[in-house]
Each structure stands twice: as structure tokens, then as C-alpha cells.
Amino acid sequence: MPASVLGLLVVAAVLYFAKEVLLPLALAILLAFLLAPLVERLERWKLGRVAATLIIALLALGVVVSIGTVAGTQAVSLAAKLPEYRHSIAQKIRALRVPKQNSDLGKAAKALKDIEKEAHPEKPLPVKETPGSALEEVAQIAAPLGKPLAMALAVIVFTILMLLDRENMRERLIALAGSRRLNVTTRAMAEASARVSRYLAMLMVVNACFGIPFGIALYFIGVPNALLFGLLGLLLRFVPYVGVWVAAALPIALAFAIGEGWSMALWTIGVFLALELVLAYVVEPWLYGKSVGLTPIAIIAAVLFWTWLWGPAGLLLATPLTVCVAVVGRHIPELGYLNVLLGVEPVLSDEERFYQRLLALDDEEAAELMEKTVAAQGLAAALDKVFVPSLALAARDRGRNLLEPARERFIYDHAEAIVEDLDAPPASGHGPAVCLVPAHDRADGVAAAALARLMPEDSAHVFSPPAMVAEVSETAARRGCKAVCISAVPPQAAAHAAALTRRLRRHDADLRIVVGLWGVEAPASAKERLAKLGADAVVMHLSEAAEALRQLASAGRAKEVKAVR
């Protein structure tokens, strides 16, 4: 097992067993990310660090207390009004729990009750001891509140300390990572801070876009205490996936219970669905984009993991914590697989995706990928950056005996068909005739066919591999080819091109030869060697080859015209 994976397992175990200590710290870090930009703005207004931190902390605490007070007041008001709706609620519940006996639903309910009685006979009620004194009763009531209050106090203290001493904490984290990774750690921390802060700010905006209209709509529908449900919608939507449904379930249930008919409940459901669909499919993709840096599957997996690890608080912290984990994987090579699993960046290059689709015998998706690349970058760039490099990948695997013959034929056949079917305008003009010669095998031939797409229509003749020197010379003379391009695909491009250049030059001293070493950054020594063997030009890209062929062929034709005169 790799050391990095073992380390992650140890970290997960520590997070699980030390959650009572780490959970307040994680919540404080989340709040510090949210409040730090505000503190920095006040500092730029010439306020000191302590004053700016205390002002922002008091404002945040005031907002939380105000929201809690309003929500508590609304909840008490709703509870006080419930007796007014007792008759309607009882009637609706009675209709659901005790359907008419002569209906199918009533018969089914009676049968289920009979089965339940037979399976679970009545048991005596457990005896519950009451507190012996008033002090014990107070302690029993206060016990459940002690832990949340202690955690809230710890979060507040941690947040203030982090805001006051954030530079020192950052430097200590950098020191833990090691001075050799000073640059990497600094960039990782800056990126994580920016992504989390941006995510929280956008989430606040989106939640407000849900809670405020939802509360207003509930008020006009007639649902009691609409302000309470609007606030709950704003707050509960911070909890991914689950919170918004809880926020909607409460007013829907109340509307169903107190409404005279079904219209109030249906209107409430309709408003909720309309708001949620607009936010989920229009506003959130527009606001978020790729700023968070996580795939939807990664977010869902993170929600499950952190909820299992830390419970409801983990559900709230899942996205920000996973953003930090993905950023660490992006900047630390040993943990790069974390970014591969969680991040949104493509893990395969375009040429690797094209080749992989052909390896999977999915020529339709490969053709679609190439068409999109041509539409975005143009034909020449698409052939140079995606098509030819994918041929080099196939040639590499073939040299390693990793391609069986049938799959190799499929790749080359469909690659050639794809490049012939690309919807791109042919090169203008009727340029001089040229011959395109594969240096060695089928990959070189398919690359030559791609080069022909950049030449004027019907001006290029593509030979099939293996091309014989006598055949090339005879065909060039018959078709009037003024120049020849040797097409060579890595990894053995230079060696194969050199051998064919030598043979062609020995056979025809006047032939103009362009050598295309596609995608190979050939050193000066290789170019000098090819020039000594008889190459008139050495190029690395199809677009360069097309231009070089036109120039050499035109120069050759002008020389012939001058000789005739």
C-alpha cells in the first residue's frame, strides 16, 4: 500500500476519534474563511487588527442572534396558533389514519393493523423515574444544552483567534510542510482560501435568493409565520442536498394541515419547485461554474464521507473541507490522485481522449471529439494538437506490442475515415501537385492523409505504406509532383525518415524533399543530418509542411519555366 494512502487512512482515523476536539476547530476555520475578507477590508480602512476583528465578530454574532431571536419568536407564535387550526389538522389526520371502512384503503389499513397486533403484542409501559429534587430537574433540562453551548463558545473563541493571528498560523503551517515546499504550500493555501471564501459567499447569495422569495410567496399564499419558513429556507440550504427538502417539508405539511382544501399545499409545493429548479439549473451553474473545483460525484461522495465521520456537522462542512483536500492534491505530487478523483480538471489530454475512444472501439465519440476540436481551434490546429499526437500514442503502443492486430486496424481505419469526413473547407486555390509518402508504416500513412486535407483539392497524392522508392519516383514523374513530403510519426520518426530520404535522394537528385517529423522537437543535429542526406526542409507540424510544400513546388515550377524560356 502506498505511504500516502496509508497516511490518509491514519488521518481519517484521527478525524473520527478526535472529532469532539476537531469539529469546533473545523467550524471555526470555515467561519474564518467567510469573515477574513471583511476583516481585511476594515484593516484597509486604517482600523487595527484587533478592532477590525472584534467589529466583524460582534456583527456576525449579532446577525446570528437576531436570526435566532426572530426564528424563536416566530416558532413560539406558530405554536400559540396551532390550537386555532386544531379542528382542521385533526380532520386531515383522521382522514389519513382512519379511512372509510368500506373503501379499499380502509380495508387495507384494517388488515395491516390486525397483522401488526399479532406480530407485536402489547407490552407493559416502562416505568420512568422522575427527578428527586428541583436541582436534579434543572440539571436534567440543562444537560442536553451544555454540549452545544460549549461547542458554540469554542467555535467563537477559535474564530476570533484565527482572525487575529492568521499570518502566524499560516507561517506555522508552511513550516510544518517544510521550507523546501514554501512556494507550493503558499500557493495551495492561497488557492484553498480563495475557493472556499468564494464558495461560501456564492452560497450565501444563492440561499438568500431562495429564502427571501420563498418567505414572501408563503405570505401571499396564506401560510402562517412565513418569515420563519423563509429564514429556515435560507439557513437549512447551507446543508447540501438534505437541508432544502427539510426547509420545504415544514411549510408544505402546515399548509396541508390547515388549508380548507388542497390549494394551499399545492401552491406551496409549486413555489418551492419553481424556485429550486431555477436555482439548481440556472443560477448555481452560472454562479459556481468551476470555481469550487469539484465534480458533482465528488461532492456527493464527500457528503456521505463527512456525514459518516462527523454526523450533521460533517454534512455542513463536506464541501469546504473537500475543496481543501482537492487543492492539496493539485499542488502536492504524492497526493495527486486526490485531485484526479475529486477535481474538475480533465485528467486526460485531448489526444489521449481521442486515442482512448478509438481504443474502446467507439469511433462515433472519437469523431464527435475531433469535430468539436476543429470547430473550436480550426482544422490545422486540431490535426497538429490532437490527431497526429494520438497516432504517435498508437505507434508507441504498437512498438511495445500492446496493440493486437485487429484493434490496430480499427484505430487506423477509423482515424483515417474521421479525418476525411471532417467538415472543414478545403485549402483555396489549385496549387502544384505534391506527393505525400509514409516513412514506414500505417501511422505515417494516416498522418499523410491528414496533411492532404490542408492542401488544395486534388493537388496531393498520398502513397500507401510501405512506399517503394521506384514507385514514388515513377508516380511523381507521371503526376508532375514538384515536391515530396515524407510523413514520419514518433517514436521512430527521425530514423525512418532519414532512411527514406537517403534512398529517394540517391534515386532522384533533383527531387525536392520535405521531411515532416510530426510533433518531434528535433535537435539541430537531427536537422543537419537530414539536410546532409538530401532533405530540402524539415518541419514539425502539418501546417508548416503544407506551406513548405507550396513554396518548394512553386519554386521548382518557376525554375522549369525559366529553363524552357
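**Figure 1. Salt bridges around R357.** In this predicted model, R357 and D362 form a salt bridge, with 3.1 Å between the closest N and O atoms. A salt bridge is a side-chain nitrogen of Lys or Arg within 4 Å of a carboxyl oxygen of Asp or Glu. The pair belongs to a network of salt bridges that links R357, D362 and E365. R357 is buried at a relative accessible area of 19%, whereas D362 is partly exposed at 22%. Buried means under 20% relative accessible area, exposed over 50%, and partly exposed in between (1.4 Å probe, protein chains only). As a predicted model, it is held to pLDDT of at least 70 for local features and 80 or more for side-chain atom pairs, while totals for chains, interfaces and linings use all residues. Residues are numbered from 1 along each chain as its sequence is written, and side-chain values use heavy atoms, with hydrogens and water left out.

**Figure 2. Two further salt bridges.** The whole structure holds 13 salt bridges. In one of them, E43 meets R49 with the closest N and O atoms 2.2 Å apart. E43 is partly exposed at 21% relative accessibility, and R49 is partly exposed at 24%. Another joins the side chains of E404 and R407 at 2.8 Å, N to O. E404 has a relative accessible area of 38% and is therefore partly exposed; R407, at 26%, also counts as partly exposed.

**Figure 3. Strand 4 and its neighbours.** Strand 4 covers residues 513-517, and five of its five residues are buried, so the strand is largely enclosed by the rest of the structure. I513, V515 and L517 are buried on one side, and V514 and G516 are buried on the other. Strand 3 (residues 483-488) runs parallel to strand 4 and is joined to it by five bridges. Within this pairing, V484 has I513 as its bridge partner. Between strand 3 and strand 4 the chain passes through helix 21 (residues 493-507), in a right-handed β-α-β crossover. Right-handed means that, with the strands pointing away from the viewer, the path from the first strand over the helix to the second runs clockwise. Strand 4 also pairs with strand 5 (residues 537-539), in the parallel sense and over three bridges. There, V514 stands opposite A537. Strands pair if DSSP finds at least two bridges between them. Helices (H or I, at least four residues) and strands (E, at least two) are DSSP runs, numbered from the N terminus.

**Figure 4. A nonpolar surface patch.** L25, I29, L153, V157, F158 and L161 make a nonpolar surface patch of about 480 Å². Patches are made of residues with over 30% relative accessible area and no salt bridge; like charges are joined within 9 Å and nonpolar side chains (Val, Leu, Ile, Met, Phe, Trp, Tyr) within 5 Å. Helix 2 (19-44) and helix 6 (134-164) each supply at least two residues, and helix 6 gives the most, with four. L25 lies in helix 2 and is partly exposed, with a relative accessible area of 30%. Accessible areas come from the Shrake-Rupley method with a 1.4 Å probe; for residues, only the protein chains shown count as cover.

**Figure 5. L342 in helix 14.** L342 lies in helix 14 (residues 336-342). With 16% relative accessibility, L342 counts as buried. V325 is 17 residues from L342 along the chain, and their C-alpha atoms are 8.5 Å apart.
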